[in-house]
Amino acid sequence: MVRDIERLPKRQRQQQLAAIIEENPFVTDQELTRKLKVSIQTIRLDRMELGIPELRERLKLMAEQSYDQVRSLPLHEVIGDIVDLQLDRSGISIFEIRDEHVFSRTHIARGHHLFAQANSLAVAVINDEIALTSSADIRFLRSVKLGEKCIAKAYVRSISGERSKAKVEVFSYVGEEMVFQGNFVIYRSAGTVISSEGGELHENRH
């Protein structure tokens, strides 16, 4: 992991910036200013000189790269933008907290939006035309504020003896800090069995 550093000459700073973004393409310009101890204008100029697009464009490029197509629900019903998806294995989505997602007085995100991002990703990662949430065990680890970006990562696990259900673990982060954790049990109509590492083992006979 790239460590926080003191002010560096331009060439070294740009090398550090490129390394940080390569390690974590979801990092924001604001987070880069804290890590590199320079102004946001300097970060933007460095990115331009290095040919590194802003976060929104990086996410768009990632989304345009090949990944599995969602089967279990329409893409527009997924809360957040899916940037990586391997059906029955894992998925990643990013959700920016905007004015309509927060309490007006505190500018803190309403919890149901964080839950909706995680829950919809847990359903989207299932390789089945019908996938429904059976149960959820969730924890909110810290408040998320206006302007922050939540990165949700989902991992599909098996449930011993349950062919019609899958366990999906979802972890949501702002930067490197975990803000939400959820364990979802998802009902799947086809009864595909998932190994503990993710991936299909076999299907029920019909």
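Analyst: A salt bridge is taken here as a side-chain nitrogen of Lys or Arg within 4 Å of a carboxyl oxygen of Asp or Glu. The model is predicted, and by this rule it has 13 salt bridges.

User: Which residue forms a salt bridge with Arg13, and how far apart are the closest N and O atoms?

Analyst: The partner of Arg13 is Asp46, with 2.6 Å between the closest N and O atoms. This pair links distant parts of the chain, as Arg13 belongs to helix 1 and Asp46 to helix 3, 33 residues apart. Both Arg13 and Asp46 are buried.

User: Which side chain meets Arg157 in a salt bridge?

Analyst: Glu169 does, at 3.3 Å from N to O. Here Glu169 in strand 5 is linked to Arg157 in strand 4, 12 residues away. To judge burial, recall that buried means under 20% relative accessible area and exposed over 50%, with partly exposed in between. Glu169 has 17% and is therefore buried, whereas Arg157 has 27% and is therefore partly exposed. Glu169 also forms a salt bridge with Lys167, the closest N and O atoms being 3.7 Å apart. Lys167 is partly exposed, because its relative accessible area is 30%. Elsewhere, salt bridges that share partners join Asp29, Arg44 and Arg47 into one network.

User: How should I read the overall fold, and in what order do the elements of the protein chain run?

Analyst: The protein chain has five helices and eight strands, and from the N terminus on they run α-α-α-α-β-β-α-β-β-β-β-β-β. Six strands form an open antiparallel sheet in the order 1-2-4-5-6-3. Its edges are strand 1 (81-86) and strand 3, each of which pairs on one side only. From one strand to the next, the twist averages 20°.

User: How many bridges join the neighbouring strands, for instance strand 5 and strand 6?

Analyst: Strand 5 (residues 165-174) and strand 6 (residues 177-188) run antiparallel and are joined by 10 bridges; within this pairing, Val174 stands opposite Glu177 of strand 6. Strand 2 and strand 4 are also antiparallel, with seven bridges, and Glu96 stands opposite Lys149 in strand 4. Strand 1 and strand 2 pair antiparallel over five bridges, where Leu85 has Gly91 of strand 2 as its bridge partner. The hairpin of strand 1 and strand 2 has three residues between the strands, and in it Asp88 takes a positive phi near 65°. Strand 2 is mostly covered, with six of its seven residues buried.

User: What lies across the sheet strands, and at what angle to strand 6?

Analyst: Helix 5 (residues 111-124) lies across strand 1, strand 2 (90-96), strand 3, strand 4 (149-157), strand 5 and strand 6, and runs at about 45° to strand 6.

User: Which residues form a nonpolar patch on the surface?

Analyst: Ile130, Leu132 and Tyr187 do, with about 280 Å² of accessible area together. Of these, Leu132 is found in strand 3 (residues 131-140). For the whole protein chain, the accessible surface is about 11,600 Å², and 47% of it belongs to carbon and sulfur atoms. Of the 206 residues, 43% count as buried.

Terms used
Residues are numbered from 1 along each chain as its sequence is written. This is a predicted model: local features need pLDDT of at least 70, side-chain atom pairs count only at pLDDT 80 or more; totals for chains, interfaces and linings use all residues. Side-chain values use heavy atoms; hydrogens and water are left out. Patches are made of residues with over 30% relative accessible area and no salt bridge: like charges are joined within 9 Å, nonpolar side chains (Val, Leu, Ile, Met, Phe, Trp, Tyr) within 5 Å. Accessible areas come from the Shrake-Rupley method with a 1.4 Å probe; for residues, only the protein chains shown count as cover. Helices (H or I, at least four residues) and strands (E, at least two) are DSSP runs, numbered from the N terminus. Two strands pair if DSSP finds at least two bridges between them. Axes are lines fitted to C-alpha atoms, for helices over the stretch in contact, and angles run from 0 to 180 degrees between N-to-C directions. Contact means heavy atoms within 4.5 Å. Buried means under 20% relative accessible area, exposed over 50%, partly exposed in between (1.4 Å probe, protein chains only).
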